[in-house]
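Subject: The structure we talked about

Hello,

Here is the structure I promised to pass on to you.

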Amino acid sequence: MAGNRTFTMIKPDAVEKNYIGGILKMINDAGFKIVAMKYTKLSKEQAQKFYEVHAERPFYGELVDYMSSGPIVAAVLEKDNAVEDFRKLIGATDPAEAAEGTIRKSYAESKGKNAVHGSDSDENATIESNFHFKPEEIFA
Ligand code: DAT
Ligand code: MG
């Protein structure tokens, strides 16, 4: 059965451009409830660890530098079928390929600076939520 939680980050490009409010509105309007949220900044070491699964990919260094370059918003979201529905809401990795009405179509600037992160599985949603939040920081 699909889980009911996913993890998201509003990335440095979107924070820098004052898109936090617009993105959170799209998230709420799509029926997601915010159950944990933090305005924070990743150290280079934290970004390396968070994106460890991409360590072998050619863009890893660029991704780590970028994700630790400025503040982000980290949040845990709740909704039925959360992971799949949130991936649909954010759209394709490359905003040029993202569908109309998706967050990345509306707010992302490039494949690297693509405004938001969304977990790709229930297992990773749990791992990523635990990376940023203690259980007692999540209020359902
Ligand atoms: P997604 O964020 O859609 O799950 P992913 O997991 O394949 O995409 O990649 C993680 C992040 O890495 C992505 O949000 C932006 C960056 N990235 C992916 N492909 C890239 C590329 N070809 N060039 C630069 N950055 C890339
Ligand atoms: Mg991914």
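Let's start with one residue in a strand: Met9 has Ala74 as its bridge partner in E3. Please keep in mind throughout that this is a predicted model.

Met9 also has a bridge partner in E4, namely His117. So which strands does E1 pair with? Strand E1 covers residues 5-10. E1 pairs with E3 in the antiparallel sense, over six bridges, and E1 pairs with E4, again in the antiparallel sense, over three bridges.

Now move to E3 itself, which spans residues 72-78. E3 is joined to strand E2 (residues 33-40) by seven bridges, and these two strands run antiparallel. To find this pairing on your screen, look for Lys33, which stands opposite Glu78 in E3.

How many of the residues of E3 are buried? Seven of its seven residues are, and the strand is mostly covered. Here is some background that helps: in a regular strand, the side chains alternate between the two faces of the sheet. In E3, Ile72, Ala74, Val76 and Glu78 are on one side, while Val73, Ala75 and Leu77 are on the other. Both of these faces are covered, and all of those residues are buried. E1 is mostly covered too, with five of its six residues buried.

Next, the aromatic rings. Searching the whole structure turns up five aromatic pairs. One of them is Phe7 with Phe50, a tilted pair with 5.9 Å centre to centre and 50 degrees between the planes. This pair links distant parts of the chain, since Phe7 is in strand E1 and Phe50 is in helix H3 (residues 44-50), 43 residues apart. If you wonder about those two values, a pair of aromatic rings is described by the distance of the centres and the angle of the planes.

Are Phe7 and Phe50 buried or exposed? Phe7 counts as buried because its relative accessibility is 0%. Phe50 is buried as well, with a relative accessible area of 10%.

Phe50 has another aromatic pair, with Phe131. That pair is edge-to-face, at 5.4 Å centre to centre and with 75 degrees between the planes. It also links distant parts of the chain: Phe50 sits in helix H3 and Phe131 in helix H7 (residues 122-132), 81 residues apart. Phe131 counts as partly exposed, because its relative accessibility is 28%. Taken together, Phe7, Phe50, Tyr51 and Phe131 form one aromatic cluster.

While you are in helix H7, have a look at Ser129, which lies there too. Ser129 is buried, with a relative accessible area of 7%. What does the side chain of Ser129 reach? It reaches the backbone oxygen of Ala125, at 2.7 Å.

The charged end of Lys38 sits over the ring of Phe133, 4.7 Å from its centre. Likewise, the charged end of Lys79 sits over the ring of Phe32, 5.6 Å from its centre.

Finally, the ligand. Which residues surround ligand 1? They are Lys11, His54, Arg57, Phe59, Glu62, Leu63, Arg87, Thr93, Arg104, Lys111, Gly112 and Asn114.

- Thr93 has a polar side-chain atom 2.5 Å from an oxygen atom of ligand 1.
- Lys11 has a polar side-chain atom 2.9 Å from an oxygen atom of ligand 1.
- Arg104 has a polar side-chain atom 3.0 Å from an oxygen atom of ligand 1.

On its own, ligand 1 has 510 Å² of accessible area, and the protein covers 81% of that.

One of the residues around ligand 1 is Lys111. You will find Lys111 in the loop between helix H6 (103-107) and strand E4 (116-118). Lys111 counts as exposed, because its relative accessibility is 55%. For a sense of scale, the C-alpha atoms of Lys111 and Asn130 are separated by 26 Å, and these residues are 19 residues apart along the chain.

Enjoy exploring, and write back with any questions.

Best wishes

Note on methods
Residues numbered from 1 in each chain as written. Chains lettered and ligands numbered in written order. Predicted model: local features only at pLDDT ≥ 70, side-chain atom pairs only at ≥ 80, totals over all residues. Heavy atoms only, no water. Phe/Tyr/Trp six-rings, centres within 6.5 Å; stacked < 30°, edge-to-face > 60°. Helix = DSSP H or I, 4+ residues; strand = E, 2+ residues; numbered from the N terminus. Buried < 20%, exposed > 50% of the residue type's maximum accessible area, 1.4 Å probe, protein only. Lys NZ or Arg CZ within 6 Å of the ring centre and 35° of its normal. Near = heavy atom within 4 Å. Polar contact = N/O pair within 3.5 Å; in protein donor to acceptor, adjacent residues only side chain to side chain. Areas by Shrake-Rupley, 256 points an atom, 1.4 Å probe, with all protein chains shown as cover. Pairing = 2+ DSSP bridges.
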